[in-house]
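Please keep the structure open while reading.

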Amino acid sequence: MKKTLLYNTERVHRQPPLNYEEITQNGEPFIRLEETLPACHLCELDKAWVSPYGIVFKNGRVVPESVYSMFVKNRNALTFFKKILLGKVRKVAGQCLVAHNAYYDNYYHWTLEALPRLYSVREAAPNLRLLIHEKTPAFVEEYLRFFRFQDIVRIKDDEVVRAEKLWLPMHTARGLTHREQAVRDMGEWLRTQAQVPNDLPADKRIFISREKARYRRAVNESDAYRIFAEHGYEKIHLEEMPLLEQIHLFAAADKVAGIHGAGFSNVLYAHQATLLTDIIHHQHPQDAFYNLACAIGTRYLRVECEGIGKETYCGTDDLRVDVKKLENLLNR
């Protein structure tokens, strides 16, 4: 396997959240003010097998560089053997590319984990055949148009692809964190692809609603939003908005707030923003949007809330916002 360096080892230094001393960090702290990101490479392989979920298999073993940091590295080997023995193989000639993981259909994981890998080889896209799962959400299709791949090969759930030549850009960082300069550069490139004017003023305050979500809602969102409305925020429902409109909206953002969810990924485009307010379950040790805020140079405020106990897992449980606490935090 040939490896070409994409990004050197990087030491990240982050500004603490505005209310860092008040954040619940049971056990090992999840807010990392400093972190080392290992070097990232483009791997090139001949005659490799690729799963619908972006895992690569060669010489009887899973290629570790293809495995997401939160997954077990060798768990997928049996699946490859089974599909190969059953003849569920599609051969694809030419130069192929794989750059997604099993969470590809989630807006956050696509935008901030798959897209940075695609961005790292964007100049070669017209000569590459992208390998991806056959079932892709509309937002994935909208993003793929920016890259102008030679071809897109859609892998069925019950098959594997046998790629003649394969490009495998590694994950650019561990799950839920970001290679900061790469994120800023990618955000600028995507704004350009979306034809966002360079002189767009940052005069919008955005509140991302989860009223229409299936889980992780605030049962008193309307009460919480009234506080934000008093500070000039406009409530939006991202599920009703095309991707280009989202990019333009967030490119004009001064402040962004809302209930914790994948919609915060659009802060990637809010390069002029001054504040991100993340309303989240107090037992949910999730640092993704703190890391993203730091990557684009935006202050981060974490508003921790009690869950209502509807779900066992705090990450999907609905929550109740302490409106008085929220008001005090915003008025500091």
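The points below are grouped by topic.

This is a predicted model, in which local features need pLDDT of at least 70 and side-chain atom pairs count only at pLDDT 80 or more, while totals for chains, interfaces and linings use all residues. Residues are numbered from 1 along each chain as its sequence is written, and side-chain values use heavy atoms, with hydrogens and water left out.

**Strands and sheets**

- Helices (H or I, at least four residues) and strands (E, at least two) are DSSP runs numbered from the N terminus, and two strands pair if DSSP finds at least two bridges between them.
- Six strands form an open sheet with mixed pairing, in the order S12-S11-S13-S14-S15-S16.
- Strand S12 (234-236) and strand S16 (319-320) are the edges of this sheet, each pairing on one side only.
- Strands S13 (residues 253-259) and S14 (residues 275-281) run parallel and are joined by five bridges; Lys 255 stands opposite Leu 275 in S14.
- Strand S7 (residues 89-97) pairs in the parallel sense with strand S10 (residues 160-169) over seven bridges.
- S7 also runs parallel to strand S8 (residues 129-133), with two bridges between them.
- Leu 97 stands opposite Trp 167 in S10, and its bridge partner in S8 is Leu 130.

**Helix H4**

- Helix H4 (residues 180-193) has 14 residues and reaches 20 Å from its first C-alpha to its last, close to the 20 Å expected at 1.5 Å a residue; the expected span is 1.5 Å times one less than the number of residues.
- Gln 195, which follows H4, has a positive phi near 60 degrees.

**Two buried polar residues**

- Glu 304 is in strand S15 (residues 299-307) and is buried, with a relative accessible area of 9%.
- The side chains of Glu 304 and Thr 24 are joined by a polar contact of 2.8 Å; such a contact is a pair of N or O atoms within 3.5 Å, where within protein one must be able to donate a hydrogen and the other to accept it, and residues adjacent in sequence count only if both atoms are side-chain atoms.
- Leaving out residues up to four places away in sequence, Glu 304 touches residues including Ile 280, His 282 and Lys 325.
- Gln 286 is in the loop between S14 and H7 and counts as buried at 15% relative accessibility.
- Beyond four places in sequence, Gln 286 touches Phe 30, Leu 176, His 260, Ile 280 and Arg 302.

**Pocket and cavity**

- On a 1 Å grid over the protein atoms alone, a cavity is a set of points where a 1.4 Å probe fits but cannot get out, and a pocket is an open set with protein on both sides within 12 Å along at least five of seven lines; lining residues have an atom within 4 Å of a point.
- Grid points are joined across faces, edges and corners, and a volume is the space filled by probe spheres set on the points.
- The largest pocket has a volume of about 1,200 Å³.
- Among the 37 residues that line the largest pocket, Asn 106, Arg 210, Tyr 215, Gly 261 and Ala 262 are the closest to its centre.
- H2 gives the largest share of that pocket lining, three residues.
- The whole structure has one cavity of 30 Å³ or more, and the largest cavity has a volume of about 80 Å³.
- H2 gives the most to the lining of the largest cavity, with four residues.

Definitions and conventions:
Buried < 20%, exposed > 50% of the residue type's maximum accessible area, 1.4 Å probe, protein only. Contact = heavy atoms within 4.5 Å.
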